[in-house]
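I opened this notebook to keep track of what I looked up, one entry at a time. The whole chain comes before the details.

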Amino acid sequence: MRADLNVADRPSLIGPLDTIGVDVFNVPELSREMQVDASGRISMPLIGTIDARGRTAEELARAIENSLRGRYVRNPQVTVNIKSSVSQVVTVDGQVVEPGLYPVTNQMTLMRAIASAKGLSEFARQDDVVILRTVDGRRMAGLYNIDAIRRGNYTDPAIYANDVIVVGDSPARRRFRDLVSVSPLIAAPLVAILN
């Protein structure tokens, strides 16, 4: 496999209101699909409540195994799968075709997030794209230029769950469109010059 096409996966973390499937090998009465509660915990027979928030599926499976081992199941083998995630989303807002919440995949980047929102709108400012992120309780912001990323001048930055992407508005493009729509005869020479 080509090294430049192989991007390392980032683990998906379980969050509140995600739906997970828990499979305990050879113990079908403990296997089930469940929703993580709003505080990030799950409840299972025999072992009670376990904190699932912020753990990978594998980490949660090991925690369930440790709770079952010895007392209830001799050698538990647990598999956890994230069925659907509402906690692993990115918000794309501003001048994109379809603003909204989009699921974060393992290899989500800024360009992929904008593509998920059907691309930039007519009035988008390609040099005014902001990523807002909270790191250790502090709100951070980064300013990016989509056109420069497309040209390969900069790497396409990674996007993480709960990031907010805001694409800026170009008032100059909006005014030009309004001018063209209000007075097409006056603007016709202007369009010819711009082309």
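I am working from a predicted model. I looked up the accessible surface of the protein, and it comes to about 12000 Å². Carbon and sulfur atoms hold 53% of that surface.

Entry on the overall make-up. I noted five helices and ten strands in the protein. The protein has 195 residues, and 34% of them count as buried. I also checked contacts with a separation of 6 or more: residues 24 or more positions apart account for 53% of them.

Entry on the largest nonpolar core. I found 21 residues in it, and I20, V22, I42, L60, I64 and V80 touch the most other members. The elements that give it two or more residues are β1 (19-24), β3 (41-44), α1 and β5 (78-84). I noted that α1 supplies the largest share of this core, five residues.

Entry on V80. Which residues does V80 touch, not counting those up to four places away in sequence? I listed I14, I20, G21, V22, A57, L60, A61 and I64.

Entry on T56. I located T56 in the loop between β4 (48-51) and α1 (57-68). Is T56 buried or exposed? Its relative accessible area is 14%, under the 20% cut-off, so T56 counts as buried. Leaving aside neighbours within four places in sequence, I found T56 in contact with P11, S12, L13 and I14.

Terms used
Residues numbered from 1 in each chain as written. Predicted model: local features only at pLDDT ≥ 70, side-chain atom pairs only at ≥ 80, totals over all residues. Heavy atoms only, no water. Helix = DSSP H or I, 4+ residues; strand = E, 2+ residues; numbered from the N terminus. Buried < 20%, exposed > 50% of the residue type's maximum accessible area, 1.4 Å probe, protein only. Contact = heavy atoms within 4.5 Å. Areas by Shrake-Rupley, 256 points an atom, 1.4 Å probe, with all protein chains shown as cover. Core = buried A, V, L, I, M, F, W, Y, C linked by side-chain atoms within 4.5 Å.
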